[in-house]
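User: I have a structure to study and some questions about it. Can we work through them step by step?

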Number of protein chains: 2
Amino acid sequence: MTALAPGSTIGILGGGQLGRMLSVAASRLGYLTHIYEPGTAPAGQVCAALTQASYEDMSALQDFANAVDVITFEFENVPATALDLLAALRPIRPGTTALAISQDRLTEKTFLEGLGLTCAPFRDIGSLSALEAALTDLGTPAILKTRRMGYDGKGQVHIRTPGQAQTAYAEMQGQDAILEGYVAFEREVSVIAARGVTGEVVCFDPGENVHECGILYTTTVPATLTGAQRTDAALLAGRILNALEYVGVLGVELFVTSNGLIVNEIAPRVHNSGHWTQAGCAVDQFEQHIRAVAGLPLGDGRRHSDVVMENLIGDDMDRLPDLLATPDTQIHLYGKSEVRPGRKMGHVNRIVT
Amino acid sequence: MTALAPGSTIGILGGGQLGRMLSVAASRLGYLTHIYEPGTAPAGQVCAALTQASYEDMSALQDFANAVDVITFEFENVPATALDLLAALRPIRPGTTALAISQDRLTEKTFLEGLGLTCAPFRDIGSLSALEAALTDLGTPAILKTRRMGYDGKGQVHIRTPGQAQTAYAEMQGQDAILEGYVAFEREVSVIAARGVTGEVVCFDPGENVHECGILYTTTVPATLTGAQRTDAALLAGRILNALEYVGVLGVELFVTSNGLIVNEIAPRVHNSGHWTQAGCAVDQFEQHIRAVAGLPLGDGRRHSDVVMENLIGDDMDRLPDLLATPDTQIHLYGKSEVRPGRKMGHVNRIVT
């Protein structure tokens, strides 16, 4: 593919904060963006065009595809029928394979193990008896997760004793699920990696993540890792990207254990734990993704500064006056009008000197 | 004034690259922007609303003012009648005084000298005989400049010998002009400074500028300056900001001479020589301006990296593939569809390590 010329239009499925920051990054490279979003669209404030329609509206999808030069997404749970229609009209990057794999936890883990990577032990759960057998097998504590549509801790139940099996299974409401065994990890890190159309792979430095209530709270770079762990993290991200013939940015969440790195999950898109790159690198994850999608050379991923990224969730917004007055601190708000508990309203990147 | 709440709308007069980058910076702080631009509007690709109308369209101006919470500008030559109408409806930051002063080179220099600052020697030129007398007085070489509407070397004629007076005067086409004496400078630097609504003043590190054909070509930070010169530069910028009770970012161009700093000109807006802050500081000049205009605390101005900014002018765009592949390099394109000689198409910030 030749690179997308400045002035071309990039279609983005999903108009949340990730789409918003992708749109801004695209503008820096001279591209226009067209956002497709069924709900409210913070990205609609910084794009050249916005389609507000459902993923079932085939006519709107078709018009959208015809209006853009290439399609990407901020949101991995776009229905397959929509993707099939779009893919027939325009290139979708990353491809629909990566999306299909990451939409289903069972498929994803099977794929990752097939690459020789280590995941948390897991079992496919199609019934209460399967769950009871799996709990005997993997022990407690364990986590029951829906196979599809989970994010930010949603669709997950922690099972602390075998006696909780029935209640936990009921919470799945009949959805396909998997049980994940407990992993005794020292820390959680993530690698934000990118692959270009020519196959080049670039990784940003791994970030160290702290979650609260299932939601990412902070990412700190550099992460506390040995040199060997750092290399392993980059190599396994590269292996995933190459296996998927991936084009774009991918987030890989890892558990660091005494036995090495365990892959928790992958996200086929820019990732919350990569927001620090906005303050720490010449080319951030959003621009890196746009470069890949547009067929441009990738940024080099070098980190010029240490950064702590902190999410602003719900009434963290009350801290805004203090944060604005803190030196070396970059604020990113998402343009969401309503503050709700657990809602990501923005984030802060603090350069550490 | 209380700070502008996230979700408020900032009106921006002018939809060129400066308005575009201001709009993106405003989005980071959760604001919407409404651009007002008579011509083509690259900023229209990244704003919530765009009005395309002339500065003489009083009805469009009124609707614009009513749709926004505060007004700023990327362009200092907005006609006074438009400003008066707008100022009656909404706060304009920086104020109309700063605009009026910087719209006229004679007023500007008189104002600067009134503050005890040194400018290049100048004379008011209302006739050919006044020009001839001024050339006798100030000597050659000298520069004849229109009092109004000059930028990027436009509206300027270099006079190398007294015999060129008549031709030079004819080029002014009857416009009011000033003659500036020659300054033997070692280098050109600029200070990008900001003042908030509470009167706080923050300066970015001075950048060293190289012009070609009257257009800024590169800015390098840090500039080659003594500690005393660096302090002088910040102090004189602060003096200008305070005298104007200025709110927003101001660019001050300086000549460095063996006798100290000479003020070349001021620009009451974000400035091309401040683009390096996008790669060198947590809060760049665009966000700094938005923070001031919105009544937020200013960023601290600290530079975390050395940067060389280079403008992409006209067919510099042909170098894009190489620049995209250069490490530690940030590209900013302005979304202009047509490449023309001398037209600013984008810029590059290279982090120097």
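Analyst: Start with a definition: buried means under 20% relative accessible area, exposed means over 50%, and partly exposed lies in between. Keep in mind that this is a predicted model.

User: Is Glu180(B) buried or exposed?
Analyst: The cut-off for buried is under 20% relative accessible area. Glu180(B) has a relative accessible area of 4%. That value falls under the cut-off, so Glu180(B) is buried.

User: Which residue forms a salt bridge with Glu180(B)?
Analyst: A salt bridge needs a side-chain nitrogen of Lys or Arg within 4 Å of a carboxyl oxygen of Asp or Glu. Here the closest N and O atoms are 3.2 Å apart. The partner is Lys145(B).

User: How many residues apart are Lys145(B) and Glu180(B)?
Analyst: Lys145(B) sits in strand S6 (residues 142–146) of chain B. Glu180(B) sits in strand S8 (residues 177–181) of chain B. The pair links distant parts of the chain, and the separation is 35 residues.

User: How many salt bridges are there over all chains?
Analyst: The rule is the nitrogen-to-oxygen limit of 4 Å. Counted over all chains, the salt bridges come to 34.

User: Which parts does the salt bridge of Arg105(A) with Glu265(A) tie together?
Analyst: The closest N and O atoms of Arg105(A) and Glu265(A) are 3.0 Å apart. The pair ties together parts that are 160 residues apart in sequence, because Arg105(A) and Glu265(A) lie in separate elements of chain A. Those elements are helix H5 (residues 105–114) and strand S14 (residues 260–267).

User: What does the salt bridge of Asp328(A) with Arg302(B) join?
Analyst: The closest N and O atoms of Asp328(A) and Arg302(B) are 2.7 Å apart. Asp328(A) lies in the loop between helix H11 (320–324) and strand S16 (329–333) of chain A. Arg302(B) lies in the loop between H10 and strand S15 (306–313) of chain B. So the pair joins two chains.

User: How are H1(A) and H1(B) oriented to each other?
Analyst: The axes of H1(A) and H1(B) cross at roughly 160° and come within 11 Å. Angles over 145 degrees count as roughly antiparallel. So H1(A) and H1(B) are roughly antiparallel.

User: Which residues make the contact of H1(A) with H1(B)?
Analyst: The crossing itself is left-handed. By class, the contact residues divide into two nonpolar, two polar and two charged. H1(A) contributes Arg20(A), Val24(A) and Ser27(A), while H1(B) contributes Arg20(B), Val24(B) and Ser27(B).

User: How are H1(B) and H10(B) oriented to each other?
Analyst: H1(B) covers residues 17–28 and H10(B) covers residues 285–293. The two pack at an angle of about 65°, with their axes 8 Å apart. That makes H1(B) and H10(B) roughly perpendicular.

User: Which residues in H10(B) meet H1(B)?
Analyst: H1(B) brings Leu18(B), Met21(B), Leu22(B), Ala25(B), Ala26(B) and Arg28(B) to the contact. The contact has seven nonpolar, one polar and two charged residues. On the H10(B) side are Phe286(B), Glu287(B), His289(B) and Ile290(B).

User: What is omega for the peptide bond between Val221(B) and Pro222(B)?
Analyst: Pro222(B) lies in the loop between strand S12 (215–221) and helix H8 (227–243) of chain B. The bond is cis, and omega is about 0°.

User: What is phi of Glu245(B)?
Analyst: Glu245(B) is in the loop between H8 and strand S13 (248–257) of chain B. At 62% relative accessibility, Glu245(B) counts as exposed. Its phi is positive, though the residue is not glycine, and the value is near 45°.

Notes: Residues numbered from 1 in each chain as written. Chains lettered and ligands numbered in written order. Predicted model: local features only at pLDDT ≥ 70, side-chain atom pairs only at ≥ 80, totals over all residues. Heavy atoms only, no water. Axes fitted to C-alpha atoms, helices over the stretch in contact; angles between N-to-C directions. Helix = DSSP H or I, 4+ residues; strand = E, 2+ residues; numbered from the N terminus. Parallel < 35°, antiparallel > 145°, perpendicular 65-115°, else oblique. Contact = heavy atoms within 4.5 Å. Nonpolar A, V, L, I, M, F, W, Y, C, P; charged D, E, K, R; others polar. Buried < 20%, exposed > 50% of the residue type's maximum accessible area, 1.4 Å probe, protein only. Left-handed = near helix turned anticlockwise from the far one by under 90°.
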